[in-house]
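Grab a pencil and open the structure viewer.

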Amino acid sequence: MRRLVATAAILVLLGSGCATRESVRDLRGEIEALRAEILPLRQSHDEHARETARAADRLAALERRVADIGAGLGDTARTVADMRRALADLHEALEQVRADLAARGPRVAPAPASEPAAAARHTPAADDHDAEVRYRQALATFRAREHGQAVLQFLDFLGRYPGHRLAPSAQYWIGEAYYVQRDYRQGLAEFQRVLQMPSRSGKAADALLKIGLCHANLGEPSLAEASWRRLIVEYPQSEAAVRARALLER
């Protein structure tokens, strides 16, 4: 500021004709000094402008990245919604198959009296063999993690052989198919059907264990505990009872 005042004073002197050579030299010195001060300021301003431009570029890149992430999240949400709709459609189709099988009842295929060879093929032993083959095929499908198809095959088995000794096992694996897909409510209903079957074989204990686990996953601990205690009372020597005791100790 003082230099600007001195410069202005010298300019006034020059204007009035009173300036000396010494004052002109002083003026030039002041001008050079001002130039020396302005140069780093200008350089600093230019650097600041470049930094601002770089920051603007980085901000724009971040905004683009946020937009891309938002779009990806939107696609993921739509994919999950589509999967849920597909699962709901599958459940509806399975219920329809179950209703159709129940309406048809057990298949009866008596052999005509005029065809003794055909009658020989439809012996109890042949039917039992056919039932076991169908059961093993459905179980192989389940173990291949094709759970929806396995449910259909087990339902077909139950429709054909509702009184077969493997029927409780087939019903159990239907419940297991829903359980491994974390559809605990439907799995619970399927496992309870095992307990309603007249010939429950050895699957009743396993079904009670899984009924308790379904209740536990559904946030119903008291019902889970009741199921496991029933299992221990009714099937104390079963492997499922050993697991139930361990679960109750937790």
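This is a predicted model: local features need pLDDT of at least 70, side-chain atom pairs count only at pLDDT 80 or more; totals for chains, interfaces and linings use all residues.

**Exercise 1. Work out what share of the protein is buried, and what its surface is like.**

Step 1: Of the 250 residues in the protein, 29% are buried (under 20% relative accessible area; exposed is over 50%, partly exposed in between, with a 1.4 Å probe and protein chains only).

Numbering starts from 1 along each chain as its sequence is written, and side-chain values use heavy atoms, leaving out hydrogens and water.

**Exercise 2. Count the helices and strands.**

Step 1: Go through the elements from the N terminus: they read α-α-α-α-α-α-α-α-α-α.
Step 2: That gives 10 helices and zero strands (DSSP runs numbered from the N terminus: H or I with at least four residues for helices, E with at least two for strands).

**Exercise 3. Describe how α8 and α9 pack.**

Step 1: Find helix α8 at residues 203–217 and helix α9 at residues 221–234; their axes are 7 Å apart, at an angle of about 165 degrees (axes are lines fitted to C-alpha atoms over the stretch in contact, and angles run from 0 to 180 degrees between N-to-C directions).
Step 2: So α8 is roughly antiparallel to α9, a label for angles over 145 degrees.
Step 3: Now list who touches whom: α8 brings A205, L208, L209, I211, G212, L213, H215 and A216, while α9 brings L223, A224, S227, W228, R230, L231 and E234 (contact: heavy atoms within 4.5 Å).
Step 4: Sort these residues and you get 10 nonpolar, three polar and two charged (nonpolar: Ala, Val, Leu, Ile, Met, Phe, Trp, Tyr, Cys and Pro; charged: Asp, Glu, Lys and Arg; polar: the others, Gly among them).

**Exercise 4. Is S169 buried or exposed, and what does S169 touch?**

Step 1: Look in helix α6, residues 167–180, for S169.
Step 2: Its relative accessibility is 9%, so S169 counts as buried.
Step 3: Skip neighbours within four places in sequence, and S169 is in contact with Y135 and K203.

Conventions
Angles under 35 degrees count as roughly parallel, over 145 as roughly antiparallel, 65 to 115 as roughly perpendicular and the rest as oblique.
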